[in-house]
Amino acid sequence: TFRVYFVDATPPVINNCPVNVTVNTGTGNSACSQTASWTVPTASDNCSDLGAPVLTSTHNPGDVFPVGTTTVTYTATDNAGNTSSCSFTVTVVDNTKPTITGCPSNINLTSTGGNPATCTQIATWVAPIAADNCGVATFVSTHNSGDAFPVGTTTVTYTATDVNGNTQTCSFTVTVVDNTKPIITGCPSNISVNTGTGNTLCSQTATWTAPVATDNCAVATFVSTHNPGDVFPVGTTTVTYTATDVNGN
């Protein structure tokens, strides 16, 4: 008489192990994660007459996964304690751009009422706010509230970049109009001259100290209808100096 012991040393088989899964966080997602789904595999065993193998997993379809790559492992165990496993990955890609709220409206400034001694104006605004589902890494601007802006239109751009490299921008313009007229100082007083005894001409020269023109942005032209030392006819002649700045005032 002898005994024959049957030992099941054959591990179960996992059928249809899922392939790797990639999902995106998606536009407008407020969480730095995403759900992932797949078809659950099945398990079979050579000794299934003793009972079906038990299939367990580290994760289940519909679970929420963080940004990055997570390994999902299924393990099948038969009645004899033999095991086999299969694994695949779930990769969550953050493609959600940051949000910028409170982007300022366009700003228009004139030199009148500001600082007419300079060709720039100070612009102020309330800075916008950046937020992101995974976190804002940097939030920078080409200009800051309180900066001085030149005459013309300047675009101010805020750029938010999240920890995964997604960016969002908001822009507005600051327009500075120079409406400050040039200043003429030392304008001569009215002048009276006589032809004088023995003058053979019905005219006379007149002289004066020419005035000076200045401007907050620079004088382009400064011209006069007459110059010191010109000859004037009998009667009254108006002498006019005209200063024009680089912006047409």
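This is a predicted model: local features need pLDDT of at least 70, side-chain atom pairs count only at pLDDT 80 or more; totals for chains, interfaces and linings use all residues.
**Close-up 1**
T96 sits in the loop between β8 and β9, the latter covering residues 99-101. Leaving aside residues up to four places away in sequence, T96 touches T25, G26, T27, G28, N29, D132, N133, D162 and N166. The relative accessibility of T96 is 3%, so the residue counts as buried, the cut-off being under 20%. The side chains of T96 and T25 are joined by a polar contact of 2.7 Å. A polar atom of the T96 side chain also lies 2.4 Å from the backbone oxygen of G26.

**Close-up 2. The buried acidic residue D162.**
D162 belongs to strand β15, which spans residues 152-162. The residue is buried but has no salt bridge. K97 is the nearest side chain of opposite charge, and it is 10 Å away. A salt bridge would require a distance within 4 Å between a side-chain nitrogen of Lys or Arg and a carboxyl oxygen of Asp or Glu. What lies 2.8 Å from a polar atom of the D162 side chain? The backbone nitrogen of G165 does, and so does the backbone nitrogen of N166. Beyond four places in sequence, the residues that D162 touches are D94, T96, P98, D132, G135, V136 and A137. T96, the subject of the previous view, in turn has D162 and N166 among its contacts.

**Close-up 3. The open sheet that contains β15.**
The 4 strands of this open sheet follow the order β10-β16-β15-β13, and their pairing is mixed. The edges are formed by β10 (107-110) and β13 (136-141); each has a single partner strand, so one side of each is left without a neighbour in the sheet. From one strand to the next, the twist averages 15°. Strands β13 and β15 run antiparallel and are joined by 5 bridges. Across this pair, V140 stands opposite T159 of β15. Strand β15 is also the strand in which D162 lies.

**Close-up 4. The open sheet that contains β2 and β8.**
A further open sheet has 4 strands in the order β2-β8-β7-β5, again described by mixed pairing. Strand β8 covers residues 83-93 and runs parallel to β2, with 4 bridges between them. V90 in β8 is the bridge partner of V21. In a regular strand, side chains alternate between the two faces of the sheet. On β2, V21 and V23 make up a covered face, while T22 and N24 make up an uncovered one.

**Close-up 5. Two loop residues with positive phi.**
For N16, phi is near 60°, a positive value in a residue other than glycine. N16 is located in the loop between β1 (13-15) and β2. Is N16 buried or exposed? With a relative accessibility of 67%, N16 counts as exposed. For A218, phi is near 120°, which is likewise positive in a residue other than glycine. The loop holding A218 runs between β19 (212-214) and β20 (219-224). A218 has a relative accessible area of 33% and is partly exposed.

Definitions and conventions: Residues are numbered from 1 along each chain as its sequence is written. Side-chain values use heavy atoms; hydrogens and water are left out. Buried means under 20% relative accessible area, exposed over 50%, partly exposed in between (1.4 Å probe, protein chains only). Lys and Arg count as positive and Asp and Glu as negative; His and the chain ends are not counted. A polar contact is a pair of N or O atoms within 3.5 Å; within protein, one must be able to donate a hydrogen and the other to accept it, and residues adjacent in sequence count only if both atoms are side-chain atoms. Contact means heavy atoms within 4.5 Å. Two strands pair if DSSP finds at least two bridges between them. Axes are lines fitted to C-alpha atoms, for helices over the stretch in contact, and angles run from 0 to 180 degrees between N-to-C directions.
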